[in-house]
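This report describes parts of one structure in plain terms. The sequence and the model come next.

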Amino acid sequence: MRPLTHALAIIAGIAAPVAVTFWTTSAAGPRSKAHYAAVEQRVLTTREVIEGFEKMGIDERKPKEAILTYFSPDVIDHDPTVKGDRQSIIDYLDKRDWSSGVPRRTVRNIVVEGDLGVVHHHIIRKPGEKGIAAVDIFRVKDGKVVEHWDVLQPIPENSINRNGMF
Amino acid sequence: MATAAFDGKKAGPARRAGTFTIIIYAAQFFFGGWFLAHGLNYWLEFFPQPHGSSPISRELIMALIHSGLFDIVKGVEVLTGILLLLDLFVPLAIVLAVPVALSIAHLNMVENDDLFSRVTAIVIMALIALIAIGRLSRFLPMLAMRVEAPSLDGLRAFFSRPFR
């Protein structure tokens, strides 16, 4: 091969795959940041999904984003106060006033076994109330919550139990 | 190294050989540039470098990184890329590149579940196959079913004329 031809072949040989790579990793390409973000989420553990949801949804007060990020579009919710699909969960949380410092939540225990995660926490939905002893159960698959149950027990004003609910 | 047709000197029947040679060279230089760029990208990060396009490929790549094997894989990519681009030790470069190419193809074809990954797997195996077919005469001696008894002849030949 002539030296000039060889030099041009080297340049083209490097430029062509690099150009392809820049296209594939661009926003419009099949290996965009969004693609890899989705992959990153699919490898999250059950605990990481639950903790990520709780952090974004409650601590950062972004419930809608948290649901969209961590709940599967086909999630099944057994909470009797919602219809049971993802949009109904978003609608339910959107009705709440998130600006007044409540709901406030203190996690007491998180137990994870395989694809199931259980969060035992204390939720205060209105200022001044004693709140609720809550247990949320999540089933997680491919980095998304696919099923959710909750069990809620209001904390009574007066109780004979000296230990308290937590 | 190149045929006369590749140098633009002959027409007619020789043109078919020239076309074949050009196709093989195109595959070789594209593959070489691909491996060199992606090998160097591991250390220099010209473009985003995510760890796999599926949970399993990510697990494998992370295990390779944590064990230090990924440095060797990327080193092989850089070395073979340079050799193919410089058109030096091409048969050796092919032998070095096959395990890496096979691993990339397997991850893309079996573990990832999108069309782009499958195309990538097919392209990388097609390229390495083309390059190898172009230098098949160098590999034919390996296809001998029965060979002579082990001896020092090869070692002597290597040290007497190592790089012909």
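Two residues are in contact if their C-beta atoms, placed from the backbone, lie within 7 Å. Helices (H or I, at least four residues) and strands (E, at least two) are DSSP runs, numbered from the N terminus. This is a predicted model, in which local features need pLDDT of at least 70, side-chain atom pairs count only at pLDDT 80 or more, and totals for chains, interfaces and linings use all residues. Residues are numbered from 1 along each chain as its sequence is written, while chains are lettered from A and ligands numbered from 1 in the order in which they are written.

In chain B, B:V73, B:V76, B:E77, B:L79, B:T80, B:L83 and B:L84 of α3(B) meet B:V90, B:L92, B:A93, B:L96, B:A97 and B:V100 of α4(B). The table below sorts residues by class: Ala, Val, Leu, Ile, Met, Phe, Trp, Tyr, Cys and Pro count as nonpolar, Asp, Glu, Lys and Arg as charged, and the others, Gly among them, as polar.

| Contact | Nonpolar | Polar | Charged |
|---|---|---|---|
| α3(B) with α4(B) | 11 residues | one residue | one residue |

Between the chains, 20 residues of chain A are in contact with 24 residues of chain B. On the side of chain B that touches chain A, α1 (13-44) and α2 (55-67) each supply at least two residues, and α1(B) gives the most, with eight residues.

In chain A, strands β2 (residues 104-113) and β3 (residues 116-124) pair in the antiparallel sense over nine bridges; pairing requires that DSSP finds at least two bridges between two strands. A:V111 has A:V118 in β3(A) as its bridge partner. The two strands form a hairpin with two residues between them, and A:G114 in the turn has a positive phi of about 65°.
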